[in-house]
Amino acid sequence: MARYRLLPTTEQAAVLTEQCRHARYVWNLAVEQQQYWRPGRRAPGYNEQCLQLTSARAEYDWLAAGSQTVQQQALRDFAQAMRNFFGGTARRPTWRKAGVHEGFRQVGIKAQHVERLNRRFGRVWVPKIGWVRFRLSRPLPKDVKSYRVTRDRAGRWHIAFAHIPHPLAGPGEGSIVGIDRGVVVSAALSTGELLHAPGLSPGETRRVKVLQQRLARAKRGSNRRIRTKRAIAKLRARETDRRKDWAEKTTTDIARRFDTIRIEALDVRAMTRSARGTVEQPGVRVAQKRGLNRSISRSGWGLLAGRLQHKAFGRVEQVPAAYTSQQCSVCGHIAPENRKSQAVFECEACNAGPCNADVNAARNIAAGRAVTARGDLGTSRSMNREPQINPSAA
């Protein structure tokens, strides 16, 4: 996706908000129909829902004032989401919330619908609005067929053109790197590099805490509460932008420097699930688990692995993560006592070290093997081919 900052006028922003509201309304109606489905009862499909949309537009003027193509595209997206769910590749589509899921998609655009004005700005044709300018922060992709307009919680508008970039080429010298992901150190390379995902500064962190306290005292629905929420959202958006920028630059550098990239196989979604439990069986240490989940999210584990697979397609291998932090990368001895602390590793068998524990784990990952709970050797898994293990990297 090629993403740009959209620069609508005040009148255009109001119409864009209405378009987002219509698309969200149609999507939620489709979700409601699907939830009432029972065995033996057929849920309405896309064609039937389009007929229902036509009847609704004839009955409600506020819905007819919006773009029919935008509303129909929301139904197409929902139908595709249901196909992905039944195919086992995605979760079941759920409700879209105002202020959180603000956006709509437009397909079937032509080349004349996207223009470059000058070196800094371009413009795009949006239904029911006309030409809307956007900041030309990167070259425009060729032969785009669709785009998605979104608004984040900070009130910023963005447009993303559907575009699949070509993978980056490696150096071609057979180099291998292992990457260990952590909380204190976001990514440790087997070369000894320690990478940290940027976040908010200490002053900005204190500012967020003050705003959160003010938000707790503000009356619901008041203008003061709205302003406070917007201020918090701007700081959070700044933190997210810094993390995404770091991930893009880091993955581009790694994809260009190494031919084979080995990363530990982690189920980040399962690791960041809530520990609250249920009313009958409440969870334990919920606050500690919530803090860990936030630290994992701020480290950008999933974003780092996802962008590496996109930029170095076919050259990323996943290695089982079991015991990589307790195994000596020199002699292979495994013991919990090898890891003296979070950051210090020293082997008790060969006295190797002391060295950084995350770097030692990254070297085990670079070797392409890890030890399972039964003591067997687990090998790396490539998405496209069988892994080639280099014994000299051990």
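This is a predicted model: local features need pLDDT of at least 70, side-chain atom pairs count only at pLDDT 80 or more; totals for chains, interfaces and linings use all residues.

The chain holds 10 helices and 17 strands, and its C-alpha atoms fill a box of roughly 80 × 55 × 50 Å along the principal axes.

**The chain as a whole**

- Of the 394 residues in the chain, 39% are buried.
- Take the contacts in the chain with a separation of 6 or more: 64% of them join residues 24 or more positions apart.

**The seven-stranded sheet**

- Strands of a sheet pair through backbone hydrogen bonds, and they can do that in a parallel or an antiparallel way.
- Here you'll find an open sheet of seven strands, in the order S2-S6-S7-S1-S5-S4-S3, and the pairing is antiparallel.
- Which strands sit at the edges? They are S2 (102-107) and S3 (114-116), and each of these pairs on one side only.
- Ignoring direction, neighbouring strands of this sheet are turned by 30° against each other on average.

**The largest pocket**

- Rolling a probe the size of a water molecule over the atoms shows where empty space is left.
- The largest pocket holds about 1,200 Å³ of space.
- It's lined by 31 residues, and those closest to the pocket's centre are Met1, Ala2, Arg3, Arg138 and Glu248.
- Four elements each give at least two residues to this lining: strand S1 (2-7), strand S7 (157-161), helix H6 (223-257) and helix H9 (301-311).
- Which element supplies the largest share of the lining of the largest pocket? That's H6, with seven residues.
- Sorted by class, the lining of the largest pocket has 13 charged, 12 nonpolar and six polar residues.

**The second largest pocket**

- The second largest pocket has about 890 Å³ of space.
- There are 27 residues lining the second largest pocket, and Gly99, Asp152, Arg153, Ala154 and Ala233 are the closest to its centre.
- H6 turns up again here: the largest share of the lining of the second largest pocket, 11 residues, comes from this helix.
- By class, the lining of the second largest pocket splits into 13 charged, eight nonpolar and six polar residues.

**The cavities**

- How many cavities of 30 Å³ or more does a search of the whole structure find? It finds two.
- The largest cavity has a volume of about 50 Å³.
- Among the residues that line the largest cavity are Ala23, Val70, Asp77, Phe104 and Arg148.
- H4 and S2 each supply at least two residues of this cavity's lining, and the largest share, four residues, comes from H4.
- The lining of the largest cavity divides into four nonpolar, four charged and two polar residues.

- Gln72 is part of helix H4 (residues 68-86). Is this residue buried or exposed? Gln72 has a relative accessible area of 19% and counts as buried, because the cut-off for that is under 20%.
- Not counting residues up to four places away in sequence, Gln72 touches Tyr46, Cys50 and Leu53.
- Gln72 and Ala23 are 49 residues apart along the chain, and 8.4 Å separates their C-alpha atoms.
- Thr251 lies in helix H6, and with 0% relative accessibility it counts as buried.
- Leaving aside neighbours within four places in sequence, Thr251 is in contact with Leu304, Arg307, Leu308 and Lys311.
- Val100 sits in the loop between H4 and S2. Val100 is called partly exposed because its relative accessible area is 31%, and that class runs between the 20% and 50% cut-offs.
- In sequence, Val100 and Asp152 are 52 residues apart, while in space they are 7.1 Å apart, C-alpha to C-alpha.

Methods
Residues are numbered from 1 along each chain as its sequence is written. Side-chain values use heavy atoms; hydrogens and water are left out. On a 1 Å grid over the protein atoms alone, a cavity is a set of points where a 1.4 Å probe fits but cannot get out, and a pocket is an open set with protein on both sides within 12 Å along at least five of seven lines; lining residues have an atom within 4 Å of a point. Grid points are joined across faces, edges and corners, and a volume is the space filled by probe spheres set on the points. Ala, Val, Leu, Ile, Met, Phe, Trp, Tyr, Cys and Pro count as nonpolar, Asp, Glu, Lys and Arg as charged, and the others, Gly among them, as polar. Two strands pair if DSSP finds at least two bridges between them. Axes are lines fitted to C-alpha atoms, for helices over the stretch in contact, and angles run from 0 to 180 degrees between N-to-C directions. Buried means under 20% relative accessible area, exposed over 50%, partly exposed in between (1.4 Å probe, protein chains only). Contact means heavy atoms within 4.5 Å.
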